[in-house]
Amino acid sequence: MNTPLLDKISQLNRIGMALSAQTDISKLLCEILTSAQQLTGADGGTFYRVLNGSQLSFDVVQNTSLNIAMGGSHPTHVPFPPMQLRQADGTENLSAIASYVANKGETVNIEDIYFAEEFDFSGALKFDQTVNYRTKSMLTVPLKNVDQEVIGVLQLINSTDEEGNVIPFSDESESLAKSLASQASVALINRQLIEEHKSLFESFTKLVADAIDKKSPYTGKHCQRVPVITMMIAEAANNVNSGPLKDFYMNDTEKFELETAAWLHDCGKLTTPDYVMDKSTKLETKYDRIELLKTRLTLKAYQNLLQTNDTSPEAFDFQRKAYQAIFEQLKRINSNEFLTDEDKLFLENLSKETYLSLDKETLPLLTEDELTNLTIPKGTLNDVEREQMQDHATMSISMLSVLPFPKELKNVPEYAGGHHERMDGQGYPNHLTREQLSIPARMMGIADIFEALSAGDRPYKKAKKLSESLRILGFLKLEGHIDPDLFDIFVEQEVYMDYAKKYLQPEQIDEVVKSEIPGYGK
């Protein structure tokens, strides 16, 4: 075996290892074609991929002497439409050499296309006339998978000798091209499988997020938007070159891990009772029990009339108005977010009143459970329901921890489960402090809160102005709720505005004066 051939084989081995290590398909395609040109001395070439078994896609086109580099990882897109593998009547397209190789799975080596009559080279000839080029020798090799199905075609043109003269592709060059095609097939199939599995996994995570959003009519598109804000914050943090986070950086793999966690951050809500997630009033369970109180108050009004033996229209109207006023106050308390001292006193007094049931049993107008719920000081959830709601974070961690994530996704449970933790350790479920939380987990905490504050599609609350959402977020920084450094980046780089322009209602986007945001830069 001569030395040049040994060098070529050694080069082929190095190329094979390089192709196996390449993780970007667009770069991989360029490397395959470039390597084939180097091994065979080809001036130019095209890499085609089979699409759905019916078309050949021009993925990469290169020509050294013409300085052409299109497709793959090159900035210029290939302008040529896909080549059909079948004719209009359903028969195989065997006229073009690339489609012939794709259909038959055979290598074709032609010394001079101008004297080859078995194939239609009108496209190549037209190209030559347009750019003043002379296509002569052509080597076309199929790429096959383990089932011997053609998945791509490697086409090389104009092999050259050491003096730059165009020569036919030698048997040696053909053999090297076939060997490269075999290695390239393995590398391409492996990368495609990885990409397909990644795509399937991404689709599954988004399916889970969509199911959570649809589980409740009150969460809008929360699970779809938290990933958007999270990745905006991550990108902003990557751009910082001064301050506490100047050394922080996330590569593409780490970003994908964080984005996956963001999509799955609320997966534990699949176990949360629907009525707890949807509880928009204090008395709501599977229905709003305020209507029960209305019935009891109506019954109480009639019983008062009977006790006084006064059934005149005036007496009836007096009782009706009195209990209607009580009911209206109960309705207001039931739907208000905050409970006042006056409301609490009103409820305590009302809980002492009774009515007579149909079976003559004396019962309280307000049951103990109704009183407990109506006296919730803030929001609509009682202590038990709040624990059930907060338990979704624990369940997210539990559900995600049992999944066999690969090493590049090993932090997904930690990132997803930490979005309700606080920097002062007063959050849930694990009461972690800032030092115990990773920076990506802290990003998700800000994203989760900001989405909830700024959401304009929640039926239970009025959409907040952008400045109001940032004001509340600023107070949360001062209270030790969110990460101060990430919050400053969020404001400084105006991440909020990039998000607002795409996802907030136009009337929500008002003027933001950074210096007036509580806690910013302090």
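Good morning. Helices here are DSSP runs of H or I with at least four residues, strands are runs of E with at least two, and both are numbered from the N terminus. The model is a predicted one, in which local features need pLDDT of at least 70 and side-chain atom pairs count only at pLDDT 80 or more, while totals for chains, interfaces and linings use all residues. Residues are numbered from 1 along each chain as its sequence is written, and side-chain values use heavy atoms, with hydrogens and water left out.

Is Ile326 buried or exposed? Ile326 counts as buried because its relative accessibility is 16%. Buried means under 20% relative accessible area, exposed means over 50%, and partly exposed lies in between, with a 1.4 Å probe and protein chains only. Setting aside residues up to four places away in sequence, Ile326 touches Leu297, Phe346 and Leu350; contact means heavy atoms within 4.5 Å. Leu350 is 24 residues from Ile326 along the chain, and their C-alpha atoms are separated by 8.9 Å.

Glu174 counts as buried because its relative accessibility is 17%. Beyond residues up to four places away in sequence, Glu174 touches Thr107, Asn109 and Leu139.

I turn now to the nonpolar cores. In soluble globular proteins, nonpolar side chains tend to be buried together. A nonpolar core is a set of buried Ala, Val, Leu, Ile, Met, Phe, Trp, Tyr and Cys residues joined through side-chain atoms within 4.5 Å. How many residues does the largest nonpolar core have? It has 59 residues, and those with the most contacts inside it are Ile233, Met443, Phe450, Leu466, Leu473, Phe490 and Tyr496. The elements giving two or more residues to this core are α5 (171-215), α6 (222-238), α7 (252-263), α14 (412-417), α15 (439-454), α16 (466-478), α17 (484-492) and α18 (495-503). Apart from this core lies another, of 28 residues, which include Cys30, Leu33, Leu143 and Leu156. To return to Met443: leaving aside neighbours within four places in sequence, Met443 is in contact with Thr230, Ile233, Ala234, Ala237, Phe248, Leu258 and Leu486.

Next, consider how α15 and α16 are arranged. Two packed helices are described by the angle between their axes and the distance between the axes. For α15 and α16 the angle is about 140 degrees and the axes are 9 Å apart. Axes are lines fitted to C-alpha atoms, for helices over the stretch in contact, and angles run from 0 to 180 degrees between N-to-C directions. On the α15 side, the contact is made by Ile446, Ile449, Phe450, Leu453 and Ser454. On the α16 side, the residues are Leu466, Ser469, Leu470, Ile472, Leu473 and Leu476.

The aromatic residues deserve attention. The structure holds eleven aromatic pairs. Rings of Phe, Tyr and Trp (its six-membered ring) pair if their centres lie within 6.5 Å; planes under 30 degrees apart count as stacked, over 60 as edge-to-face and the rest as tilted. Phe119 and Phe121 have ring centres 6.3 Å apart and planes at 75 degrees, so this pair is edge-to-face. Both Phe119 and Phe121 are buried. Tyr499 and Tyr503, by contrast, form a stacked pair, 4.9 Å centre to centre with 20 degrees between the planes. Tyr499 and Tyr503 are separated by about one helical turn, because they are four residues apart in helix α18. Tyr499 is buried, with a relative accessible area of 1%, whereas Tyr503 is partly exposed, at 31%. Ring pairs also link Phe450, Phe490, Tyr496, Tyr499 and Tyr503 into a cluster.

Finally, the backbone. Most residues other than glycine have a negative phi, and most peptide bonds are trans. Which residues are joined by a cis peptide bond? They are Tyr428 and Pro429, with omega of about 10 degrees, and Pro429 is found in the loop between α14 and α15. Asn132 is not a glycine, yet has a positive phi of about 60 degrees. Asn132 lies in the loop between α4 (122-131) and β6 (138-144), and counts as exposed at 72% relative accessibility. Glu494, also not a glycine, has a positive phi of about 55 degrees. Glu494 is found in the loop between α17 and α18, and counts as partly exposed at 34% relative accessibility. Thank you.
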